[in-house]
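Me: I would like to learn how to read contacts, cores and helix packing in a protein model. Please take me through them one at a time.

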Amino acid sequence: MARNAAEILRDILSDSAIVKPVVRRDGCQDISLFSGRRRITVLDVPENTIVVNMQTAPPKTGRMFLQEKNARLIGCYVFAGTDERDRLDKFEKTPGGGDFMVFVETNDAPSQQSETERRLRAAVCVMDYCAAVGREFCGVMDLFGGYKRRFVKIKARGRVNRRFNFSRRLAANDSPSNPRMLEGDQIPFRYFAAQRP
């Protein structure tokens with residue numbers, strides 16, 4: 001039986017790199033991300049999702065990066081999984097479902113777009129490294145093949161809670177150079193991965 005990407009990542013990464021979900025009474029799961037002094041809760045994360053804290057991710061055997069290079073991964077997370085919805089989401093024109101990887105930067109420090117792009121690219125490199133380890137040591141030829149990649153920056157604006165405007169045209173957010181900008185302390189997962197209408 002083929003193992004999914006979440007199972008392979010659990011073998012490759014240390015336990016401290018995997019963010020544990022909080023399961024609510026209604027069965028939905030939430031994830032807490034940290035951004036300096038702030039905590040951001042991502043609501044309604046699909047069940048078959050693994051969340052990786054990039055700062056503590058690679059590898060199990062020791063430090064991978066020099067201190068200044070490792071700093072690029074502070075405040076970066078990756079959500080990887082499968083959304084098994086088989087319906088049209090009321091906020092999306094495309095069917096829900098499919099394999100996804102969402103790269104999220106939550107760094108509190110105000111930064112230039114170029115610095116956000118560098119952090120997101122560093123996270124992509126770490127996940128590409130994990131895919132190479134999966135290929136070489138776990139026998140998985142294309143660990144993240146077919147995964148839709150999305151990029152998100154949660155703005156450092158203190159405690160702002162605004163509704164995400166689905167009615168406006170969404171940016172494609174399929175590259176580190178054009179991440180979707182979000183604000184707030186509680187953000188539904190669908191805001192990360194919503195497609196352009």
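Reply: Start with the word contact, which means heavy atoms within 4.5 Å. Keep in mind that this model is predicted.

Me: Leaving aside its neighbours within four places in sequence, which residues is Phe-144 in contact with?

Reply: With those neighbours set aside, Phe-144 is in contact with Ala-5, Leu-9, Met-101, Met-127 and Ala-131.

Me: Which residues touch the most other members of the largest nonpolar core?

Reply: The general idea is that in soluble globular proteins, nonpolar side chains tend to be buried together. Here the largest nonpolar core has 32 residues, and those touching the most other members are Leu-9, Leu-13, Met-54, Met-101, Phe-103, Met-127 and Phe-144. Two or more residues each come from H1, strand E5 (48–53), strand E6 (76–83), strand E7 (98–105) and H3. H3 gives the most, nine residues. A second, separate core has 20 residues, including Ile-31, Val-42, Val-152 and Tyr-191.

Me: At what angle do the axes of H1 and H3 cross?

Reply: The axes of helix H1 (residues 5–12) and helix H3 (residues 113–137) come within 10 Å and cross at roughly 90°, so H1 is roughly perpendicular to H3. H1 makes the contact through Ile-8, Leu-9 and Ile-12, and H3 through Met-127, Cys-130, Val-133 and Gly-134. Six of these residues are nonpolar, one is polar and none is charged.

Me: Is Asn-173 buried or exposed?

Reply: Buried means under 20% relative accessible area. Asn-173 has 0% relative accessibility, so Asn-173 counts as buried. Asn-173 lies in the loop between strand E8 (148–154) and strand E9 (180–182). Its side chain makes a polar contact of 3.2 Å with the side chain of Arg-180.

Methods: Residues are numbered from 1 along each chain as its sequence is written. This is a predicted model: local features need pLDDT of at least 70, side-chain atom pairs count only at pLDDT 80 or more; totals for chains, interfaces and linings use all residues. Side-chain values use heavy atoms; hydrogens and water are left out. Axes are lines fitted to C-alpha atoms, for helices over the stretch in contact, and angles run from 0 to 180 degrees between N-to-C directions. Helices (H or I, at least four residues) and strands (E, at least two) are DSSP runs, numbered from the N terminus. Angles under 35 degrees count as roughly parallel, over 145 as roughly antiparallel, 65 to 115 as roughly perpendicular and the rest as oblique. Ala, Val, Leu, Ile, Met, Phe, Trp, Tyr, Cys and Pro count as nonpolar, Asp, Glu, Lys and Arg as charged, and the others, Gly among them, as polar. Buried means under 20% relative accessible area, exposed over 50%, partly exposed in between (1.4 Å probe, protein chains only). A polar contact is a pair of N or O atoms within 3.5 Å; within protein, one must be able to donate a hydrogen and the other to accept it, and residues adjacent in sequence count only if both atoms are side-chain atoms. A nonpolar core is a set of buried Ala, Val, Leu, Ile, Met, Phe, Trp, Tyr and Cys residues joined through side-chain atoms within 4.5 Å.
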